[in-house]
Amino acid sequence: MSGRQTSFLAQALQQGAGALRSRRFDLAERIAGDILKSNRTDRNAVLILAHALVGQDRAGEAIAPLERIARRSDDGEVETLLGALLCKSGRAADGIAQLRRTIARRPPYLPSFQELAGQLSKAGQLGEAISVIESGLALVPESVDLKVDLGRLLHESNEFAKALEVLTIARDAAPGRPDVLIELGRVLILSGDYTAAADAFRHVLAQRPDDGSVRAYLATCLLEQGERDAGEAALRAVMRGGPHLLGRAAFVMAASSHGRFFFDMSEATKFLGGKST
């Protein structure tokens, strides 16, 4: 390939990636398709095409081009996306088999462990999903991402003490990471440590002040600590995120041992400062 052709390809790939970022999936598909007319096995163009097709709910069409790349090389990213799309397209057995082959690659490609665990969890195989993440951590024990996934899966399987231990280690390794703090806070609520949970959620809100879901968790903590005024103020702030959050705010208020219950949702809306419909 000449220097001019290489430059043109690089520019086209950059444009395709930009179209994906701006969610212009049809444009990304056209750009990737144009590249693949001259080179059917251009790895980056195939990845752009696959993500563009997924964005248009046409995941099944991405399988064949991904399989072509996967047959040519051991590419963890391609194989993981292929496994995910096989599952998404109703071929879960094939997808999980592909992901099992990918996690056996060395060096390990950590997203493949996460994808396989996620697919197993969806299938109700929580114990096996936990084992997959643990096998990844045995290979890369410093991975905070895998620790968060392990903590989440342990939470889902009601192993709260283990989840708390794992997530505390993750928090200490990556202070301030919102995903770690949110999962840790959720487990702390279930453990009854509302003060520590509230502290975790406040740290997240310092970075993401408009996150209504996290503010609702904070409200839960405040109400459970008997800080009714502060908790209700937090729920009113949740409502400012939009009327779609009314159900979440009303549930938090009603479920708390120090909350309130309204038989009439319009009264709950009025109390929380929302607009009655």
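Predicted model: local features only at pLDDT ≥ 70, side-chain atom pairs only at ≥ 80, totals over all residues.
In soluble globular proteins, nonpolar side chains tend to be buried together. The largest nonpolar core in this model comprises 43 residues, among which Leu116, Ile133, Leu150 and Phe201 touch the most other members. The greatest contribution to this core comes from helix α13 (residues 212–224), which supplies 7 residues.

The surroundings of Ile133 can be listed in detail. With residues up to four places away in sequence left out, Ile133 touches Phe113, Gln114, Ala117, Leu146, Asp149, Leu150 and Leu153.

## Packing of α9 and α11

Two packed helices are described by the angle between their axes and the distance between the axes. For helix α9 (residues 144–156) and helix α11 (residues 178–190), the axes come within 10 Å and cross at roughly 25°. Angles under 35 degrees count as roughly parallel, and α9 and α11 are therefore roughly parallel to each other. The crossing in which α9 passes α11 is left-handed.

On the α9 side, the contact is made by Val144, Val148, Gly151, Arg152 and His155. Helix α11 contributes Asp179, Val180, Glu183, Arg186, Val187 and Leu190.

Asp75 is located in the loop that lies between α4 (63–72) and α5 (76–88). Its relative accessible area is 13%; because buried means under 20%, Asp75 is classed as buried. The side chain of Asp75 forms a polar contact with the side chain of Arg43, at 2.7 Å.

Terms used:
Residues numbered from 1 in each chain as written. Heavy atoms only, no water. Helix = DSSP H or I, 4+ residues; strand = E, 2+ residues; numbered from the N terminus. Buried < 20%, exposed > 50% of the residue type's maximum accessible area, 1.4 Å probe, protein only. Polar contact = N/O pair within 3.5 Å; in protein donor to acceptor, adjacent residues only side chain to side chain. Core = buried A, V, L, I, M, F, W, Y, C linked by side-chain atoms within 4.5 Å. Contact = heavy atoms within 4.5 Å. Axes fitted to C-alpha atoms, helices over the stretch in contact; angles between N-to-C directions. Parallel < 35°, antiparallel > 145°, perpendicular 65-115°, else oblique. Left-handed = near helix turned anticlockwise from the far one by under 90°.
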